[in-house]
Amino acid sequence: MRIDHLIYFIAVVENTSYLEAAEKLNLSQSALSKTIMKLEETLNVKLFDRSTRRVTLTPVGELVYRDAKQLLERYDVLINDVHAFQEASNQTIVLGALPTLFTPAYTIRFKKYRDSHPEVNLMLSEEDDEKLLLDSLLKEQIKLASLRKGALSDNRFHFYPIAHERLCLVVPANHPLAERVEVSLSELKNEQFILYRPTNSLYQLCLDACLEAGFEPNILLTARAESILSSVSIGLGISLMTENTASAFTMQDQIAIVSLMETVITSLGIASPKGRVLSLCEQELIEMLCE
């Protein structure tokens with residue numbers, strides 16, 4: 001029994017006419033009639049009551065119609081699944097990723113995605129310059145980018161939030177504030193700060209938080225996360241960064257992480273250019289990062 005025979009049978013039933021069904025199927029009426037007879041021969045049943053001029057199903061024809069509809073629905077699902085798999089098999093997802101996505105909280109999710117999507121070539125490109133990430137998105141050098149919402153200054157991008165991260169204070173292990181449970185930003189006005197580079201939106205977030213606390217921070221230098229923590233560990237200054245990033249590095253005996261009394265939150269997410277439809281694989285990647 002062939003799928004197209006069931007399609008023709010359903011067309012006759014739903015059009016209540018061999019002629020109309022044949023026209024919609026772009027077949028001759030005689031070819032359609034022979035196909036229905038071939039189906040009846042295969043099933044060894046009569047599908048239609050031919051004692052009247054109207055198209056009328058026999059009781060077994062009603063049964064076959066019902067089951068054929070369900071079968072074709074499953075067949076459509078099968079075809080869609082195969083097409084989705086073929087699309088994914090030929091798909092490479094290039095994700096421009098902030099360093100925070102290489103911390104254990106996220107790398108375990110990337111591994112989970114790779115294990116569940118072996119057909120997808122997922123490429124991660126680390127970059128802490130959010131302006132460069134946005135430019136790469138617009139030039140289609142990457143398909144997705146992990147960014148903080150503060151980096152998006154216009155409406156050319158979709159933003160899919162995956163986490164809300166809180167800023168904390170990072171000081172050398174021997175700093176007077178190292179033993180504190182929490183600290184107010186106003187207590188840091190005489191400190192020297194080591195912050196992210198201005199091309200990272202956390203720079204402006206930290207600057208705004210200090211200004212709101214009543215002082216302009218004395219910024220000694222700006223750098224990447226690893227260099228910030230390395231500089232803090234040897235006593236060059238203090239820093240503000242997300243708790244996830246600060247706790248991910250191995251120099252925990254050389255630094256202290258202290259909570260802030262103020263709540264300073266940054267939204268981390270995945271960005272893509274507006275007008276670009278995400279593939280199913282990309283949607284599933286974002287969903288997994290949100291877990």
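Predicted model: local features only at pLDDT ≥ 70, side-chain atom pairs only at ≥ 80, totals over all residues.
Colleague: Which element of the chain has the highest mean pLDDT?
Modeller: The term pLDDT denotes the predictor's confidence in each residue, from 0 to 100. The chain has a mean pLDDT of 89, and 97% of its residues reach 70 or more. Helices (H or I, at least four residues) and strands (E, at least two) are DSSP runs, numbered from the N terminus. Among the elements, helix 4 (residues 59-89) has the lowest mean, 79, and the highest, 97, belongs to strand 6 (residues 192-196).

Colleague: How are helix 1 and helix 2 oriented to each other?
Modeller: Axes are lines fitted to C-alpha atoms, for helices over the stretch in contact, and angles run from 0 to 180 degrees between N-to-C directions. Helix 1 (residues 3-15) packs against helix 2 (residues 18-25) at about 130°, with the axes 8 Å apart. Angles under 35 degrees count as roughly parallel, over 145 as roughly antiparallel, 65 to 115 as roughly perpendicular and the rest as oblique. The two helices, helix 1 and helix 2, are therefore oblique.

Colleague: Which residues of helix 2 meet helix 1?
Modeller: Contact means heavy atoms within 4.5 Å. On the side of helix 1, the residues are Tyr8, Ala11, Val12 and Asn15; in helix 2 they are Tyr18, Glu20, Ala21, Lys24 and Leu25.

Colleague: How many residues of this contact between helix 1 and helix 2 are charged?
Modeller: Ala, Val, Leu, Ile, Met, Phe, Trp, Tyr, Cys and Pro count as nonpolar, Asp, Glu, Lys and Arg as charged, and the others, Gly among them, as polar. In the contact of helix 1 with helix 2, 6 residues are nonpolar, 1 is polar and the charged ones number 2.

Colleague: Is the crossing of helix 1 and helix 3 left-handed or right-handed?
Modeller: The axes of helix 1 and helix 3 (residues 29-43) come within 9 Å and cross at roughly 115°. That makes helix 1 roughly perpendicular to helix 3. A crossing is left-handed if the near helix is turned anticlockwise from the far one by less than a right angle, and right-handed if clockwise. For helix 1 and helix 3, the crossing is left-handed.

Colleague: At what angle do helix 5 and helix 10 pack?
Modeller: Helix 5 (residues 104-116) and helix 10 (residues 280-289) cross in a right-handed manner. Their axes lie 9 Å apart, and the angle is about 145°.

Colleague: Is threonine 16 buried or exposed?
Modeller: Threonine 16 is located in the loop between helix 1 and helix 2. Most residues other than glycine have a negative phi, yet threonine 16 has a positive phi of about 50°. Buried means under 20% relative accessible area, exposed over 50%, partly exposed in between (1.4 Å probe, protein chains only). Because its relative accessible area is 55%, threonine 16 is exposed.

Colleague: Is serine 17 buried or exposed?
Modeller: Serine 17 also has its place in the loop between helix 1 and helix 2. Not counting residues up to four places away in sequence, serine 17 touches Val12 and Val55. Since its relative accessibility is 17%, serine 17 is buried.

Colleague: What is the phi of glutamate 140?
Modeller: Glutamate 140 is in the loop between helix 6 (130-138) and strand 3 (144-148). With a relative accessible area of 70%, glutamate 140 is exposed. Although glutamate 140 is not a glycine, its phi is positive, at about 60°.

Colleague: What is the relative accessible area of leucine 185?
Modeller: Leucine 185 lies in the loop between strand 5 (182-183) and strand 6. Leaving aside neighbours within four places in sequence, its contacts are Ala209, Ala213, Phe215, Leu240, Leu260, Glu262 and Val264. Leucine 185 counts as buried because its relative accessible area is 2%.

Colleague: What distance separates the C-alpha atoms of proline 217 and lysine 189?
Modeller: Proline 217, in the loop between helix 7 (201-212) and strand 7 (218-223), is buried at 8% relative accessibility. Beyond neighbours within four places in sequence, proline 217 is in contact with Phe193, Leu207 and Cys210. Proline 217 and lysine 189 are 28 residues apart along the chain, and their C-alpha atoms are separated by 6.4 Å.

Definitions and conventions: Residues numbered from 1 in each chain as written. Heavy atoms only, no water.
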